[in-house]
Amino acid sequence: MSQVVSSRVDTERKIALLDATAGVFARHMPAISAAMGLIVLWQLVVWVFKIPTFMAPSPIDVAYAFQQNAGILWTNMLPTLLEAVLGFFFGNLVAILLAIWFVHSSTAEKAFYPIAVFIKAIPIIALAPILVLIFGNGLAPKIIIAGLICFFPTLVNMVQGLKSASPAMLDLMRVLSASNSEILWKVRLPSSMPFLFAALKIAATSSVMGAIVAEWIGSSFGLGAVIIEATYNFRSPLLYATVVIAAALAVVLFFIVSVIEARMIRWKPAGSH
Amino acid sequence: MLGAAQLKPNVPRTEPAATAVSIRNLSVRFGDRNNEFTALSDVSVEIPEGAFVTMLGPSGCGKSTLLRCVADLVHISDGSISVFGRSPQEAREGRDFAFVFQDATLLPWRTVLDNVRLPLEVGKHAQTGDHADPHELLAMVGLKGRENALPHELSGGMRQRVAIARALITRPRILLMDEPFGALDEITRDRLNEELLRVWQETGTTILFVTHSIPEAAFLGQNVLMLQAHPGRVKEFMKVELPFPRSLAARDTVEFIKVTAHLRGLLEECL
């Protein structure tokens, strides 16, 4: 009797799990079918027009490339991931600290904001060789470039976020005789979080781009180096596979930041207006 | 009558008619020499301890500025303010008063309970002095059971109740209120008016209340401080001869209408 009951509960659980999985699929069905459709279309175009593989490989060629070059892709993805993550961390850290300084000292803001804008205005591609000349061919120039790409959007958003606390909120803290650091920790930093995460989501994807661009300049490792090598040797399927990996890396970093954001920010700005 | 004794201001009671706020020849000017604007000119008024004074006047008469001067949020140009014999800055640092803004100014990432507890966490006096029980305060303002709600889950009236509970947590001797119900609908506003009178009678706190509503000024105040504009100065400091406790029904009496008619007449003269 009890066996019957437990097996029924088990079946119900399985059905619930199936339902949930089906639900996820159903929700993302438009995106999934659109992607599948485009891949099939691409395959058909390559077949029908007999496009040579070196010019544009078919999805099946790319799939083979993944299988044949799994080792190369894996060993070159790790340094790119490391550069992107470290660049993301340091670039954003410096931007956040600088934004906090700017908000507390208008002199500092006036002095350094224009310089930050100028550095942002230098094309990253032009900056990469300069940094390679200074720091050599190791990880350092790549981390710096990935960091620089993250730095500016975070600085701009963070300054705006720290200033987003309403004047009434600051009056309240003054009536409570709160110190500057109490205002920073209790009001300014929490109210800047939505602004910060908007910037971090941009930074998550662009840090991967920064690392790859840095690897183009005379590097012997990383996804950027694989892209250059595959291009010059007409190994188009490998080139495409590398691009897919690079994009996946950026999407994963973006996803991680989004999950942390959803966990951290459960509130909405107060006021019905 | 929830814990009325417990909520009394934490100070030894002095003589019954002690002065809570004394304002002498106060002037406030904004701007630089070329473009000066006089917000308040030669304002003098004495607010006795335990009083409920409402401040009324046309826009630009400086009623909010006057309140902000008492709260040490605006710099005084001339004259003096003393709050229980101390300067506004000393009174602020000593937590003699609490301020309620037009906007509830709750921190949106904090729960209702944590918002009420905020004054206990900041400033030099954090954690030291004894304070009211936040749960008891929330029950008093009718928010029992909503302790863990976030501000965006509450209505405008509820948020303002939380702001009042937060102001009372340090058992202030004076409550400064700057159009606290100005942004609320009339039904909510009437109910909060009644509740505020109850809180005032339970706690014995001195209340200074800025409003631009004539009925609100007459219903709440023992006294109405009428200001006029350009420059802001005292028009009249009048006593409202209506008995306490007042209920909303008191608004329909002839006496009440006489008071509001008088106030309306004064306001007309100000224009």
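Biologist: Which residues of α3(B) are buried?

Modeller: This is a predicted model. Buried means under 20% relative accessible area, so that is the test to apply. In α3(B), the residues that pass are B:V112, B:L113, B:N115, B:V116, B:L118, B:P119 and B:L120.

Biologist: How many of the 10 residues of helix α3 of chain B does that make?

Modeller: Helix α3 of chain B spans residues 112–121. The helix is mostly covered. The buried count among its 10 residues is seven.

Biologist: What covers the buried residues of α3(B)?

Modeller: Both chains take part. Chain B supplies α4 (134–140) and α5 (156–168), among others. From chain A, the cover includes α8 (167–175) and α9.

Biologist: At what angle do the axes of α9 and α10 of chain A cross?

Modeller: Two packed helices are described by the angle between their axes and the distance between the axes. Here α9 covers residues 180–216 of chain A and α10 covers residues 223–232. Their axes come within 7 Å. They cross at roughly 50 degrees.

Biologist: Is α9(A) parallel, perpendicular or oblique to α10(A)?

Modeller: Roughly parallel needs an angle under 35 degrees, and roughly perpendicular needs 65 to 115. The crossing is at roughly 50 degrees. Therefore α9(A) is, relative to α10(A), oblique.

Biologist: Which residues make the contact between α9(A) and α10(A)?

Modeller: The crossing is right-handed. From α9(A) come A:I212, A:E215 and A:W216. From α10(A) come A:L223, A:G224, A:A225, A:I227 and A:I228.

Biologist: Which element gives the most to the largest nonpolar core?

Modeller: That core has 92 residues. B:V21, B:I23, B:L26, B:L66 and B:L176 touch the most other members. The top contribution is 12 residues, and it comes from α9(A).

Biologist: Leaving aside neighbours within four places in sequence, what is B:L176 in contact with?

Modeller: B:L176 is among the core members that touch the most others. Its contacts are B:L67, B:V70, B:A71, B:F97, B:A98, B:F99, B:V100 and B:L208.

Biologist: Is B:R189 buried or exposed?

Modeller: B:R189 sits in helix α6 (residues 186–203) of chain B. Beyond four places in sequence, B:R189 touches B:F181, B:G182, B:T211, B:S213 and B:E216. Its relative accessible area is 13%, so B:R189 is buried.

Methods
Residues numbered from 1 in each chain as written. Chains lettered and ligands numbered in written order. Predicted model: local features only at pLDDT ≥ 70, side-chain atom pairs only at ≥ 80, totals over all residues. Heavy atoms only, no water. Axes fitted to C-alpha atoms, helices over the stretch in contact; angles between N-to-C directions. Helix = DSSP H or I, 4+ residues; strand = E, 2+ residues; numbered from the N terminus. Parallel < 35°, antiparallel > 145°, perpendicular 65-115°, else oblique. Left-handed = near helix turned anticlockwise from the far one by under 90°. Contact = heavy atoms within 4.5 Å. Core = buried A, V, L, I, M, F, W, Y, C linked by side-chain atoms within 4.5 Å. Buried < 20%, exposed > 50% of the residue type's maximum accessible area, 1.4 Å probe, protein only.
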